[in-house]
Amino acid sequence: MFTNKILNFEHGAILTRSMLHEIYKYPREILRLKYESYSNGIICGLDFFVEGGNLFLTAGIIKLDGEFYFLDKNINLSELAEQNNLEVDGEYFIWLKKFTVEKEPCLTENNFEVTFATKNLTPTLGNFIFTARDDFNFPELVEGDNPFENIFRRSAFNLFEVEFASKGGATFHPLLFRLVKDFLLVKENKTPLDYAILTQLQNAETISLQTIKSYIAEDGKNFSGGRKNLFESFCDSLIHSQFKVNYILNQQEIENARNKRFSPMGKLLR
C-alpha cells in the first residue's frame, strides 16, 4: 500500500510521540526539493522480480499529482492475483486504487492500494494476460532478426504505459531499458549514439524521452503514435542503425598527415 501523509498541526496543538515519529520518518520535503521539476511517475524501486515461482513488486516511491507515495515493502503479486480470483486468459491491469484515512485530527493519509482492474485505469504499473500465478510472460530478448520482438507481443507483461519520473516528460520503466543495455552490449558496429546510450544506462536506470526521439530522428525515421509505438520505433532504430564511415584515407594520405607540423605562429610547415 502506497502512503502519503499530510501533517497539519494547529497553533498550540500538543504533539504526541506518535506525531513526532511520523514527522521523523517521512522525508517528503527532501524529495520535493530534488524532484520538483520531474514528471509524475516512479522515482525509485517499483521493479519486478521472480522468486520461487512468484512475481514480486519491489518497494519504492512514486510521484503522483506532485505528491510522493511510499511502498515500504515488497508485494507478492502472484499471491495477490490468487486472492483476487483472477480468471485464466483474462487481461488485467495493476491498478493503484486511491483511498483516504483520517488517522488523527492533524494527520490524514492518502493511500494507493495495489489491486487489479479489467480495464486501463490510471495510475497503472503494467498489464498482463493471466494464465497462472506462476506463469507471467516477462519481456526478454530473443534470437533472430528482431531481438525485441517478444516484448511487443500481447501475451508479454506490458510495461509501456508505466511512467518513470524524468525531466521533460515521463520515460519508460527501467526493466525495458535493461533489455536495451543487454542488446547494446553485444551489438556489432555500434554508432557513437549507441555508445552514448550504453554509457548512460551503465550509470543510470533510464534515458529521457528526448534522447529516445533524438536517436530515432538521427536514424532518419519519423515517429507518430503512443508510448508503445515510440519504444518500438526506438528498438527498430537500435537494430538497424550502423556506424557509417564517410571517407577512407589511403596509406599515402595517412603518411602525409603524419609528416605535417605547425610552427608556433600557426603556419603549416612541410
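Let's start with helix α6 (residues 209-218) and helix α7 (residues 227-240), which pack at an angle of about 50° with their axes 9 Å apart. Axes here are lines fitted to C-alpha atoms over the stretch in contact, and angles run from 0 to 180 degrees between N-to-C directions. Helices are DSSP runs of H or I, at least four residues, and strands are runs of E, at least two, numbered from the N terminus.

A quick word on the source: this is a predicted model, where local features need pLDDT of at least 70, side-chain atom pairs count only at pLDDT 80 or more, and totals for chains, interfaces and linings use all residues. Residues are numbered from 1 along each chain as its sequence is written, and side-chain values use heavy atoms, leaving out hydrogens and water.

Who meets whom between these helices? From α6 we have L209, I212, K213, Y215 and I216, and from α7 L230, S233, F234, S237 and L238. Contact means heavy atoms within 4.5 Å.

F234 turns up again in the largest nonpolar core: of its 55 residues, F148, F231 and F234 touch the most other members. Such a core joins buried Ala, Val, Leu, Ile, Met, Phe, Trp, Tyr and Cys residues through side-chain atoms within 4.5 Å, with buried meaning under 20% relative accessible area (1.4 Å probe, protein chains only). Helix α4 (residues 174-186) gives the largest share of this core, 7 residues. Beyond its neighbours within four places in sequence, F148 contacts L141, L179, V180, F183, C235, L238 and I239.

Finally, β3 (48-51) and β7 (75-76) are the edge strands of an open antiparallel sheet ordered β3-β4-β7; strands pair if DSSP finds at least two bridges between them.

Definitions and conventions
Buried means under 20% relative accessible area, exposed over 50%, partly exposed in between (1.4 Å probe, protein chains only).
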